[in-house]
Amino acid sequence: MTSTKKRQGKPTMQPVLDENTDLKCVILDIEGTTTAISFVKDILFPYIRKNLKKYLETHWEEEQCQGDVQALREQSINDSEEKKSSADKLQVVSPKILSNDENLELTRQSVVDYVLFLMDADRKVTSLKQLQGHMWKQAYSTGKVVGQIFEDVLPAIKHWISERKKVYIYSSGSVEAQKLLFGHTAEGSILEFISGHFDTKIGAKVEVDSYCKIAKEIGCKNKEILFLTDVTREARPAKEAGCQVAVVLRPGNAPLSDEEIQKFPHISSFSELYAEGSGVEKAKLVKK
């Protein structure tokens, strides 16, 4: 029987890159990969909870805000329909967003209730990410929030670019939210180093087809892509799609089981993926 015991320390087995494949593109996850989970959990999400009601009151009549509300309303309707068809899909009844024809204060409160419901359930739906992205834009532009990335991220990105590799971001957070984070880091904007961004509009990160769609869009063969993420539930479909993968072990990330350690390559720093100053990628990507 395979052990599922979780390991807290750094695993002894190291990832192995495929020497026989010319790596052309690197796709990076954000939360737990380029950026500490605590940044999202302790800074970004609390900002939404604290400022949501005021944001809706201030921007309610604006077209962008109404677009966000309508997208959330449609999602709440879908939730209700899914609840009726399968009790296993949603364990609790989701709040309903009232029509704009209802009492204004009650309608806005219904939006607040539904957004908090989605956040409490860790739902990664596009409508929620869209609203959050618009709120974070205001926070970044006023300096209330500064994007955080691990210190090994920017040097690695610059290294890959020097090797004529392209770097992309694929996160459940909206493309707008991604650009805000990388456009407002402590080092300034690093958007010039990123060739493109993908979110759940291309597909869920747990679906094999999502990685195939990305490969097609960026004009790269699946096997020429390296996807870095902090969770095996995303590494698995990327690997099944034919991409090279490595799981990134960061402080605060969930530990890997013995089975995951054996199955997936893993690193604790992006710098482990290249030989400093040599201009040659370490032969350390895909575990056979």
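Q: Which residues of helix α6 are buried?
A: In this predicted model, helix α6 spans residues 175–183. Its buried residues are Ala-177, Gln-178, Leu-180, Leu-181, Phe-182 and Gly-183.

Q: What covers the buried residues of α6?
A: The cover includes helix α1, helix α4 (126–141) and the strands β2 (166–170) and β3 (196–198).

Q: Which residues make the contact between α4 and α6?
A: On the side of α4 they are Gly-133, His-134, Trp-136, Lys-137 and Tyr-140. On the side of α6 they are Glu-176, Ala-177, Leu-180 and Leu-181. By class, the contact of α4 with α6 consists of five nonpolar, two polar and two charged residues.

Q: Where does Ala-139 lie, and is Ala-139 buried or exposed?
A: Ala-139 belongs to helix α4. Its relative accessible area is 0%, so Ala-139 is buried. Apart from neighbours within four places in sequence, Ala-139 is in contact with Tyr-47, Lys-144 and Val-145. Ala-139 and Tyr-47 are 92 residues apart in sequence, yet their C-alpha atoms are 8.4 Å apart in space.

Q: At what angle do α1 and α3 pack?
A: Helix α1 (residues 37–59) and helix α3 (residues 104–120) pack at an angle of about 165°, with their axes 10 Å apart. That angle makes α1 roughly antiparallel to α3. The crossing of α1 past α3 is right-handed.

Q: Which residues of α1 and α3 meet?
A: From α1 come Phe-45, Ile-48, Arg-49, Leu-52, Lys-53, Leu-56 and Glu-57. From α3 come Arg-108, Gln-109, Val-111, Val-112, Val-115, Leu-116, Met-119 and Asp-120. The contact of α1 with α3 comprises nine nonpolar, one polar and five charged residues.

Q: How many residues does the largest nonpolar core have?
A: In soluble globular proteins, nonpolar side chains tend to be buried together. Here the largest nonpolar core has 56 residues. Those with the most contacts inside it are Leu-28, Leu-56, Trp-160, Leu-228 and Phe-270. Helix α1 supplies the largest share of this core, eight residues. A second, separate core has 23 residues, including Tyr-170, Phe-198, Cys-243 and Val-245.

Q: Is Ile-157 buried or exposed, and which residues does Ile-157 touch?
A: Ile-157 lies in helix α5 (residues 153–162). Ile-157 is buried, because its relative accessible area is 1% and the cut-off for buried is under 20%. Not counting residues up to four places away in sequence, Ile-157 touches Leu-28, Val-167 and Phe-193. The C-alpha atoms of Ile-157 and Tyr-168 are separated by 9.8 Å, the two residues being eleven apart along the chain.

Q: How many helices and strands does the protein have, and how many of its residues count as buried?
A: The protein has nine helices and six strands. Of its 288 residues, 50% count as buried. Among contacts between residues at least 6 apart in sequence, 70% join residues at least 24 apart.

How values were computed:
Residues are numbered from 1 along each chain as its sequence is written. This is a predicted model: local features need pLDDT of at least 70, side-chain atom pairs count only at pLDDT 80 or more; totals for chains, interfaces and linings use all residues. Side-chain values use heavy atoms; hydrogens and water are left out. Axes are lines fitted to C-alpha atoms, for helices over the stretch in contact, and angles run from 0 to 180 degrees between N-to-C directions. Helices (H or I, at least four residues) and strands (E, at least two) are DSSP runs, numbered from the N terminus. Angles under 35 degrees count as roughly parallel, over 145 as roughly antiparallel, 65 to 115 as roughly perpendicular and the rest as oblique. A crossing is left-handed if the near helix is turned anticlockwise from the far one by less than a right angle, and right-handed if clockwise. Contact means heavy atoms within 4.5 Å. Ala, Val, Leu, Ile, Met, Phe, Trp, Tyr, Cys and Pro count as nonpolar, Asp, Glu, Lys and Arg as charged, and the others, Gly among them, as polar. Buried means under 20% relative accessible area, exposed over 50%, partly exposed in between (1.4 Å probe, protein chains only). A nonpolar core is a set of buried Ala, Val, Leu, Ile, Met, Phe, Trp, Tyr and Cys residues joined through side-chain atoms within 4.5 Å.
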